[in-house]
Amino acid sequence: MRKEVAAAAAITVGGAAFGVALFLRHWERQREQRLRQAKRILRKFANDCATPVSKLWNVANDLCSNMEAGLSSEESELGMLVSYIEPLPTGEEKGIYYGINLRGTNFLLIRGRLGGKNLPISELQREEVAIPSSAMDGDSTEELFDLIAVELAKFISVHSEIDGEAESRERKLGFTISFPVEEDAVSSGTAIKWRSLSVNDIVGKELTNDINQSLEKLGIDLRVFALVNDTTGDLAGGRYYSKENVAAITLGMATDVSYVESAEQVPKWHGQSPNSGEMIVNMQWGNFSSSHLPFTEFDASLDAESSNPGSRMFEKLISGMYLGEIVRRVLLKMAQETALFGDWVPPKLATPYLLRSPDMAAMHQDTSEDFETVDEKLNEIFGINNSTPMAREIVAEVCDVVAERGARLVGVGIVGIVKKLGRIANKKSVITIEGGLYEHYRVFRNYLHSSVWEVLGSDLSDNVIIENCHGGSGAGSIFLAASQTYNADSY
């Protein structure tokens, strides 16, 4: 009897073990099958995002054509806003200058000293001030500009002791804004659109007069002589250091470009021709679109669900606002169709814009053996705490595909601008870039540089020099103030 019981028990245990083995084998096969499905989605996505040199040249040529159309007509998809800023910095400017950079929910107050002879900016001081909702949602600009004037007065009082020679003459104020303006004279700006603020009477007003009235009320001996887009300010900064600086790019949450164009190449400009024969053009290149741009199903859904469907298509491929969101959409599909993160779809993975580009960069640049940073970010952002090393590797690869496509498109955009200017073959062209994507996202920056080299070849690519913006965010306002003050008498 005991032998029979023992035998039965052995059979039961053996059967259970066999069942467990079958289950584990089935589970392992199922997991491998899901990983293969996820990799198929990844391969298709990578193929749809591919940017071979032939496609990049098509994009560059389309950008050139769109630039020419925008310089001839106001109806082009590229704004090509003409800025009548003269003179541009020469590198000989000296003295202490103040600037303001008005941004979405805050503004920067900036002070710096220029020493001439292309010497770097020194004694640089910055202060960031938040804009209260009452000033953002008001019915006029008065509260906003009064706030700026009050804070500027405090800022000047802190630094007046070390201004020295600046007290003996009228000081000039540069003013840059981080959304497009249409400039038809050095000291007047007509706002087209506040991209982050909602001041109701801004359209059509002369912002320069408004801010100067606020300065006068407080007795501040500064006057705004130049009100321009912030990329135009960055370009002025570049010109201080090099006459070969032909363009400045903002590459952060949003993106834009200003470049130097010959006045003869701007048929739509009917105002006074500049003495220098040069004009700054704000491209608004985020609006660029081309049939050769590598759009995917994820880009289509992002655009359709955005607040501006059908517009700013280039920006939605390259800017920090959207890169992480594209990655999130790819991972969501993988989670839904391949159970990449287990049998449940993490609820937070369905939340739009939860993945920011700095977190995407951190995952992309994870060099640990088991992708530990990816694991941390997935848990921190989406509440995913059970990812496998293989799943984390796929996440990093998705980030790589999105970053490489965006960076290569920025690179070929630079090539398109330089080609439009006729400078590829025999002239040096310096391009300055400001923004977190270029400054802090190392792999993105490397992909951008390599795309220019790949498109132009080793010989011609040496003519295109890409540099970090000088002085950092907002510093362009100082260079503008300096150029309008120091060189004005010669024009």
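Mentor: Start where helix 2 (residues 53-72) and helix 14 (residues 442-460) meet: their axes come within 9 Å and cross at roughly 95°. That makes helix 2 roughly perpendicular to helix 14 (65 to 115 degrees gets that label, under 35 is roughly parallel, over 145 roughly antiparallel, and the rest oblique). An axis here is a line fitted to C-alpha atoms, for helices over the stretch in contact, with angles from 0 to 180 degrees between N-to-C directions. Helices (H or I, at least four residues) and strands (E, at least two) are DSSP runs counted from the N terminus.

Before going further, keep in mind that this is a predicted model, so local features need pLDDT of at least 70 and side-chain atom pairs 80 or more, while totals for chains, interfaces and linings use all residues. Numbering runs from 1 along each chain as its sequence is written, and side-chain values use heavy atoms, with hydrogens and water left out.

Now the side chains at that crossing. From helix 2 come Val53, Leu56 and Trp57, and they meet Glu454, Val455 and Leu456 of helix 14 (contact means heavy atoms within 4.5 Å). Sort the residues of this contact and you get 5 nonpolar, no polar and 1 charged. For that tally, Ala, Val, Leu, Ile, Met, Phe, Trp, Tyr, Cys and Pro count as nonpolar, Asp, Glu, Lys and Arg as charged, and the others, Gly among them, as polar.

Next, step back to the whole chain. It has 15 helices and 13 strands, and 53% of its 491 residues count as buried (under 20% relative accessible area, with exposed over 50% and partly exposed in between, using a 1.4 Å probe and protein chains only). Of the contacts between residues at least 6 apart in sequence, 73% join residues at least 24 apart.

Just after helix 11, glycine 383 takes a positive phi of about 70°.

Helix 12 also carries arginine 405. With 1% relative accessibility, arginine 405 counts as buried. Leaving aside residues up to four places away in sequence, arginine 405 touches Cys49, Thr51, Pro294, Thr296, Asp299, Leu317 and Ile326.

Strand 10 (residues 255-262) is mostly covered, with 7 of its 8 residues buried. Strand 10 pairs antiparallel with strand 11 (residues 278-282) over 5 bridges; there, glutamate 261 has methionine 279 as its bridge partner, and tyrosine 259 stands opposite valine 281. Strand 9 and strand 10 are also antiparallel over 5 bridges, and a hairpin joins them through 3 residues. Threonine 250 has aspartate 256 in strand 10 as its bridge partner.

Finally, look at strand 2 (residues 94-102): 8 of its 9 residues are buried, so strand 2 is largely enclosed by the rest of the structure. Strand 2 runs antiparallel to strand 3 (residues 106-115) over 9 bridges, in a hairpin with 3 residues between the strands. Tyrosine 98 stands opposite arginine 111 in strand 3. Strand 3 and strand 4 (residues 122-130) run antiparallel, joined by 7 bridges, and leucine 108 has glutamate 128 in strand 4 as its bridge partner. The hairpin of strand 3 and strand 4 has 6 residues between the strands, and in it glycine 116 takes a positive phi near 75°.

Technical notes. Two strands pair if DSSP finds at least two bridges between them.
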